[in-house]
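Q: Here is a structure to read feature by feature. Please give the general idea each time, then the case at hand.

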Amino acid sequence: MSFAFFVTGTDTEIGKTTIAAALLYAAKQQDLRTAACKPVASGSAPSPEGLRNDDALALLAQCTKKLCYDEVNPVALAPAIAPHIAAQQAGVDLSVSRLLPTIQNILARRADLTIVEGAGGWMVPLTELERLSDLAQQLNLPVILVVGIRLGCINHALLTVESIQQHGLALAGWVANYLAPENKVSQQNVQYLTTHIAAPCLGVVPYLDLARPEQVAPYLSLQSLLSTTSS
């Protein structure tokens, strides 16, 4: 059985790639075939092969399926700004119809676990009329929500969960990712979210100086994710 998920977050820089790469790493440890896609990535750096994004490279490193960089990250943009603005500056089409085929080709590889990672938060614009949430809706994949645990995370998480549901998508689970050392208030935030999000918590990841996939994976429950989705 193959599984595929769309990973989104409550904001930018809250650890979507960290969690996505760790899930892929955990799957590899269980001898599962893995694939990934980050359709659009801002903040990409020039290389001899063209623009390359660190997040996309981190995902590619955890793929057992033979994928080239351009398949994993079909649109790499240089400025570390909102994708739709960076795309406008570069004259690049970010429409849902442009991004869908590459993602669908990767999904067609039928890896045991495929992760499609968004950019920024759930409602990040692609064009004046389309958002990343529209792309997720077209893909019709269960969603994994990464919640960056910091001030305001309850509001951001619950609003995102509500919007995911309004788009008619299943919330496969969520991950609490500490962005600073935990304290009593942050622990209470996680407890509140556990009670009020009607989906399994797939893991609570503490603040780590080096959040590499092999260090993060032990805090995540891949088995809970796959068993919940298959039930």
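A: Start with burial: a residue is buried under 20% relative accessible area, exposed over 50%, and partly exposed in between, with a 1.4 Å probe and protein chains only. This is a predicted model, in which local features need pLDDT of at least 70 and side-chain atom pairs count only at pLDDT 80 or more, while totals for chains, interfaces and linings use all residues. Residues are numbered from 1 along each chain as its sequence is written, and side-chain values use heavy atoms, with hydrogens and water left out.

Q: Why does Cys153 count as buried?
A: Cys153 has a relative accessible area of 2%, so it is buried. Cys37, at 0% relative accessibility, is buried too.

Q: How many disulfides does a search of the whole structure find?
A: A disulfide is a pair of cysteine sulfur atoms within 2.5 Å. The search finds zero. For Cys37, the nearest cysteine sulfur is that of Cys63, 9.3 Å away. For Cys153, the nearest is that of Cys201, 12 Å away.

Q: Which way do the residues of strand E2 point?
A: Strands (E, at least two residues) and helices (H or I, at least four) are DSSP runs, numbered from the N terminus. In E2 (residues 34-37), Thr34 and Ala36 point one way, Ala35 and Cys37 the other way, and all are buried.

Q: How many bridges join E2 to E5?
A: Two strands pair if DSSP finds at least two bridges between them. Here E2 and E5 run parallel and are joined by four bridges. Cys37 has Val116 in E5 as its bridge partner.

Q: How is a pair of aromatic rings described?
A: The description uses the distance of the centres and the angle of the planes. Rings of Phe, Tyr and Trp (its six-membered ring) pair with centres within 6.5 Å; planes under 30 degrees apart are stacked, over 60 edge-to-face, and the rest tilted. The structure holds one such pair. The ring centres of Phe6 and Trp122 are 6.2 Å apart and the planes are at 85°, so the pair is edge-to-face. Phe6 lies in strand E1 (residues 3-9) and Trp122 in the loop between E5 (113-117) and helix H6 (132-139), 116 residues apart. Both Phe6 and Trp122 are buried.

Q: What does Gln62 touch?
A: Contact means heavy atoms within 4.5 Å. Not counting residues up to four places away in sequence, Gln62 touches Ala21, Leu24, Tyr25, Lys28, Thr34 and Pro213. Gln62 is in the loop between H2 and helix H3 (69-72), and is buried at a relative accessible area of 10%.
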